[in-house]
Amino acid sequence: MTELTEMQSAPVPSPVMRLELVPIILFAAFAATPTLAAYSGAEGYILSLLTRVMIFGIAAMSLDLILGYGALVSFGHAAFLGIGGYAAGILASHGIEDALIQIPVVLAASAAFAFLTGAISLRTKGVYFIMITLAFGQMLFFLATSLAAYGGDDGMTLSARSLVAGWGVLKNDIAFYWMALLCLLGTYGLSRAVVASRFGRVLRGTRENTIRMQAIGFQPFRYQLVAYVLSGMMAGLAGFLLANQAEFVSPAFMTWQRSGELIFMVVLGGLGSLHGAVIGAAAFLLLEEFLPEILHAVSFFLSDDIRSRLAENWKMVFGPLLILIVLFARGGIMGLLRRGRHD
Amino acid sequence: MTTTLLLIQALNGLQFGLILFLIAAGLTLVFGVMDFINLAHGVQYMIGAYLVAAFSAWTGNFGWALLLALPTTLAFGLLLEVLIFRHLYDRDHLDQVLATFGVILFLNQGVKFVWGAAPLSVPVPEILSGSVEIASGLLYPVYRLAIIAAGLTVAALLYGLVNHTRIGMLVRAGATNAPMVSALGVNIQRLFMVVFGFGAMLAGFAGAMVAPILSVEPGMGDNVLILAFVVIVIGGIGSIRGAFLAALLIGLVDTVGRSFAPNLLRLFLDPAAASQTGRAIAPMLIYIFMAAVLFFRPSGLFPAKR
């Protein structure tokens, strides 16, 4: 199978080759957006929404790395968003505003937290793992609310976006968009490489059957811990970007509901495909953004009062939607794409 | 003065722990018998509080409101079981977490839709208002004592029910080995419905009892839910006894920790730093405690499954 047949979209190429089209289309769409948005008249809005999508895409993808490939249901992944955000905010408030220093610190802090909590959490299994990661997430949440020097409950405002080697290029929203896309591509490439490597195969092996992996001489704990640390670092990077975009960081970055949303993004997109998580994040955030308006438009036959109440209470539709997706759309969006092609 | 304060905090901790136990009891059984993670258990607590608020506004009497709220929460729990949860038992934990998360989103918004976003308050019943002097110079609100009494009574009843009745025996057997119980000819589906409805009612009862001393607001169940999970994980999933002891421990550690951590740290640090770190550490204490327990006993203190 050559690239040529793929380009011509031959009638029945192998499903693997065809699926690889999805990430290409996805990233091409992200890359084309700044140009297209310039004509839309709402450039700022579209760029900021999609920057957010890409940032959450990084976070969801990092979770997919351990959830989809290692079956480790981390219910405290939002903690890393907080670590990234707070590391940037705290450094900036002490006058260290350069991303070239901030990012390494963010990565080191996330790695340290992931290593410590992972070493403890990975001793447990199943439900206990879900709960202990949740506990660590809550721990960090409460720590952040009590950091009175850095805003406590209310969070802290960053004075400006980070500099790059003393250069304030990120203040420009388009430049920031490209930076986010670059990070997304970088983490995607890295994750792909990890998943395809021997390490990734061992990780998938532990997902399928830990005992068998032990029997053939691997120590699953080590592989899972390394994956957990790697995943934490990527999520930390996403937190750094998120705080930078909003120029604000608060404990709300790491509520347990946020961790739940990250899991939802991964499952919505489809477990274990990496770009599926990015698609899931996009679907989630766009739904969250537009569901009120969609509801308002769809309910045209109802009275104005009910329509505005419906739009205001969009979560009452969002919740059941979530349940229905879990019950009926196994495999998420990627699963649907795959199924559609096989039929 | 410090002993009085310690006593008051210990009583508060006991009361908080008993409320946690009422919530955790149902959760640990549902978890233990059907291996089902129900994140929506916290909203049962919220629903209990809202129903009491609504019924007491309607009847003007807390007692009647409580009597009406209990069967309503039971019915509501059963309704959720039939509509949604029943379809999730054979799914993996991830699906269960997500679907019940959806239930939380829906119901948190649902109570906002019905009762508005502003917190409701429920008056403390006339007969239980005021304070009593339980030691020289130590006044304690009667209503909080009533909560403690109610909590201990329910705990005792539950103990009798679980340990000395046929259905209790089935529940314990289910928590230890559900497929075996099913193979012996017990309708595990119906057993679970009973456990589920009963657990929902207990959580609703907890919510109803705290409604007069807390503000009744959307999302009030979310944080309590996390604490209830901490309780059942420390206690060992499926174990009522474990849940009881862990709930009291968590209640005491949290309440006493919050008021005494700054004082304790003052022994090592200067006052400003001590109060700063104390306030930072206190809310983290129970999670550190949980991590420590799981580190040494990865399946909790009193695991039901062997």
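A:Ala71 sits in the loop of chain A that lies between helix H4 (43-70) and helix H5 (78-93), where helices are DSSP runs of H or I with at least four residues, strands are runs of E with at least two, and both are numbered from the N terminus. In this predicted model, local features need pLDDT of at least 70 and side-chain atom pairs count only at pLDDT 80 or more, whereas totals for chains, interfaces and linings use all residues. Residues are numbered from 1 along each chain as its sequence is written, while chains are lettered from A and ligands numbered from 1 in the order in which they are written. The phi of A:Ala71 is near 55 degrees, a positive value in a residue other than glycine. A:Ala71 is also buried, with 20 other C-beta atoms within 10 Å; a residue is called buried if 20 or more other C-beta atoms, placed from the backbone, lie within 10 Å of its own, exposed if 12 or fewer do, and partly exposed in between.

A:Leu274, in the loop between helix H12 (256-269) and helix H13 (275-298) of chain A, likewise is a residue other than glycine with a positive phi, here near 65 degrees. A:Leu274 is buried, with 26 other C-beta atoms within 10 Å.

## Chain A as a whole

Chain A holds 16 helices and two strands. Its radius of gyration, 21 Å, is close to the 20 Å that the globule rule gives for 343 residues, so chain A is as compact as a globular protein of that length; the radius is taken over C-alpha atoms, and the rule is 2.2 Å times the number of residues to the power 0.38. Along the principal axes, the C-alpha atoms of chain A fill a box of roughly 55 × 50 × 40 Å, and 46% of the 343 residues count as buried.

## Helix packing in each chain

In chain A, helix H8 (residues 173-196) and helix H11 (residues 220-246) pack at an angle of about 175 degrees with their axes 11 Å apart, the axes being lines fitted to C-alpha atoms over the stretch in contact and the angles running from 0 to 180 degrees between N-to-C directions. H8(A) and H11(A) are therefore roughly antiparallel to each other, given that angles over 145 degrees count as roughly antiparallel, under 35 as roughly parallel, 65 to 115 as roughly perpendicular and the rest as oblique. Among the residues making this contact are A:Phe176 and A:Cys183 of H8(A) and A:Leu230 and A:Met234 of H11(A), contact meaning C-beta atoms, placed from the backbone, within 7 Å. The contact residues of H8(A) and H11(A) comprise eight nonpolar, two polar and no charged, with Ala, Val, Leu, Ile, Met, Phe, Trp, Tyr, Cys and Pro counted as nonpolar, Asp, Glu, Lys and Arg as charged, and the others, Gly among them, as polar.

In chain B, the axes of helix H9 (residues 240-265) and H11(B) come within 9 Å and cross at roughly 140 degrees, and these two helices are therefore oblique to each other. Here B:Ile250, B:Val253, B:Asp254 and B:Gly257 of H9(B) meet B:Leu285, B:Ile286 and B:Phe289 of H11(B).

## The contact between the chains

Chain B gives 36 residues to the contact and chain A gives 35. On the side of chain B that touches chain A, H4(B) supplies the largest share, 15 residues, and by class this side has 26 nonpolar, seven polar and three charged residues.

How values were computed:
Contact = placed C-beta atoms within 7 Å.
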